[in-house]
Amino acid sequence: MKDMMYKHVLHFAVLVLVLMCSVRVLASDVEEVIVIGANIAQGYSQPEYDGSVIEALDPTRVFQPGGVGGFVGATTHGTDVKHTAVYRNGIPVNDPGSGWYDFGTEVPTFQTFKTISGPNSTLYGSSSMAGTILMEDTFDGNNFFTKGGDGLFFVQGGTDWFHISRYKGSNGSVKTDNNEEDWFENVTLKTKTELGNWKIINVLQDYKYDYDSCYDSSWSKIDTCTQEGTKTDISVRNDWLTAGYSMNDVTHNTGWSAKSERYFVDANKEVLPGLILGAQNNQEKYNDKWDNRTGVYANYNLNEFGFGYRFEEDEHIYRVGYTTQGFNLSLANSFRKPNLYERYGDDWTRANPNLKPEKGKGVEASYGDVTAWYYEFSEGIDYSYMTSSYVNVGSYDSKGIKYSNHILTDKGAFHVFVQYTDSDRIRVPEYRTKLSWYGGSVYGLDYMISYVGQFEKGLEFDGRPIDDVSTFNFNMGYYLTPRYRVGLQITDILDRNFEILPDYSAGGRTISLSLDLSL
């Protein structure tokens with residue numbers, strides 16, 4: 001096994017060396033390539049306002065199953081969590097074992113996000129069937145932030161080259177059938193080094209999450225369940241080359257454990273005006289299983305038109321985009337290769353190495369503040385209780401329309417977000433909205449009040465209805481000086497208690513105080 005590991009590492013190192021020697025014309029790293037016709041949204045995690053990272057990506061997800069630390073994946077326009085690719089500091093971080101990226105283990109530490117919706121497999125490869133999220137860990141000078149409340153302690157700070165944070169928060173009881181108090185803890189260290197035009201960013205996370213309803217070695221159901229893990233993400237990049245490594249090593253107190261790793265390299269160059277050619281390689285590992293994927297791609301922009309092509313795993317992927325005077329149109333096909341767990345399973349899931357890739361196609365159009373979409377997926381992969389394995393199943397589709405607008409006035413800003421989604425996936429609300437008013441600073445005071453709603457969420461797997469979400473939230477701050485802000489945050493002002501999923505409680509009024517210093 002060690003010989004195989006060394007072989008993969010050597011293969012990765014040789015590929016990096018070849019690309020470094022062969023690519024001489026500077027272009028841009030893949031996350032900066034212009035995707036004409038795509039609908040692009042910007043996000044920013046603000047610990048003063050956000051209780052979790054997912055709020056920076058979807059403003060209507062102020063609660064999540066299992067509370068803070070519980071699994072939460074990004075879903076784009078009513079699609080599966082495995083159909084949105086996530087890149088962190090230029091490298092893909094979707095887990096090779098599960099296929100998704102778990103934002104639940106993250107805490108808001110001023111990360112920035114760019115969400116490119118629509119099928120993006122031509123540039124970003126497998127898992128970009130419905131969209132791509134580009135996450136950047138920012139380092140903006142000397143700063144210090146702390147927040148505290150009932151069952152909450154959160155502190156972070158850093159400089160231009162490092163950032164460290166410590167979080168510990170109570171979720172009460174994760175499930176409603178017991179009274180045990182469950183906690184989430186996270187320690188994150190980020191570093192940045194710049195050598196000439198090279199940038200090296202390292203993110204190291206250590207986390208622990210308490211949850212309910214697991215089984216011990218005698219198959220007895222218990223609620224004293226814990227998950228502890230370590231995440232590492234390292235990226236090295238300049239204008240034309242990005243290389244990196246990511247790892248997630250997790251253990252459960254019941255004895256179950258898993259370790260996922262990925263080595264990645266991407267290089268591209270502009271060979272003609274508007275035409276970028278590139279190549280990517282992924283070496284993925286889940287426990288003792290390895291996989292290697294190599295893809296080549298082209299992106300060509302000509303005035304208002306954009307064209308993309310990718311060849312990977314015998315798949316031919318195409319994309320066409322068009323933009324003019326506030327109108328954007330994107331059409332593409334896409335694919336997702338089965339992840340290593342789906343193919344090889346474990347002691348409870350049987351292997352199915354003959355799984356075919358998921359395939360899809362989609363169209364998205366936007367004009368001004370309105371976006372409409374239609375996605376259709378075939379050869380979907382799902383778990384079969386009949387065979388105790390993952391199998392290729394039928395198709396599903398998702399369609400909808402949304403409106404998002406910031407209305408600026410001389411006294412503040414009003415944000416309106418409404419979305420309708422018709423999806424075959426469960427747990428997807430048909431209607432979601434966020435309405436918020438931000439009052440500009442007057443005599444050093446600022447405030448924001450918001451309403452968040454999710455309605456018609458359908459039925460759970462066992463047929464039970466899923467509660468709606470309806471909550472008001474309030475945030476107020478006072479600037480002691482232009483650099484020092486004290487804040488008050490009240491979540492769920494009306495103290496509504498509901499189940500975000502059957503048996504998983506959410507809501508309930510919480511109050512916290514914060515201090516934000518820019519040194």
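## Close-up views of a predicted model

**View 1. Gln419 and its surroundings.** Leaving aside neighbours within four places in sequence, Gln419 is in contact with His77, Trp373, Ile401, Lys402, Glu430, Tyr431 and Arg432, where contact means heavy atoms within 4.5 Å. Gln419 belongs to strand β26 (residues 412-423); helices (H or I, at least four residues) and strands (E, at least two) are DSSP runs, numbered from the N terminus. Gln419 counts as buried because its relative accessible area is 9%. Here buried means under 20% relative accessible area, exposed over 50%, and partly exposed in between (1.4 Å probe, protein chains only). The side chain of Gln419 also makes a polar contact of 2.9 Å with the side chain of Thr421. A polar contact is a pair of N or O atoms within 3.5 Å; within protein, one must be able to donate a hydrogen and the other to accept it, and residues adjacent in sequence count only if both atoms are side-chain atoms.

A word on reading these views: this is a predicted model, in which local features need pLDDT of at least 70 and side-chain atom pairs count only at pLDDT 80 or more, while totals for chains, interfaces and linings use all residues. Residues are numbered from 1 along each chain as its sequence is written, and side-chain values use heavy atoms, with hydrogens and water left out.

**View 2. Thr471 in strand β29.** Look for Thr471 in the strand spanning residues 469-481. Thr471 is buried, because its relative accessible area is 1%. Its side chain joins that of Asp492 through a polar contact of 3.0 Å. Not counting residues up to four places away in sequence, Thr471 touches Val62, Phe63, Ser450, Tyr451, Val452 and Asp492.

**View 3. The disulfide of Cys214 and Cys225.** The structure holds 1 disulfide, a term that stands for a pair of cysteine sulfur atoms within 2.5 Å. In the bond between Cys214 and Cys225, the sulfur atoms are 2.1 Å apart. The link of Cys214 and Cys225 is left-handed, with -100° about the S-S bond. This pair links distant parts of the chain, 11 residues apart: Cys214 in strand β11 (residues 214-215) and Cys225 in strand β13 (residues 225-237). Both Cys214 and Cys225 are buried.

**View 4. An open sheet of 5 strands.** The strands follow the order β1-β4-β5-β2-β3, with mixed pairing. At the edges are β1 (40-44) and β3 (91-92), each pairing on one side only. Two strands pair if DSSP finds at least two bridges between them. Strands β4 (residues 112-117) and β5 (residues 131-136) run antiparallel and are joined by 6 bridges. To find your place, note that Thr112 stands opposite Glu136 in β5.

View 5. Rings of Phe, Tyr and Trp (its six-membered ring) pair if their centres lie within 6.5 Å; planes under 30 degrees apart count as stacked, over 60 as edge-to-face and the rest as tilted. By this rule the count comes to 27 aromatic pairs. The rings of Tyr245 and Tyr263 have their centres 5.0 Å apart and their planes at 45°, so this pair is tilted. Both Tyr245 and Tyr263 are buried. Elsewhere, Tyr286, Tyr341, Tyr383, Tyr385 and Tyr390 form one aromatic cluster. Lys168 lies over the face of Trp183, at 5.1 Å from the ring centre, and Lys289 over that of Tyr344, at 5.2 Å. A charge sits over a ring if NZ of Lys or CZ of Arg is within 6 Å of the ring centre and within 35 degrees of the ring normal.
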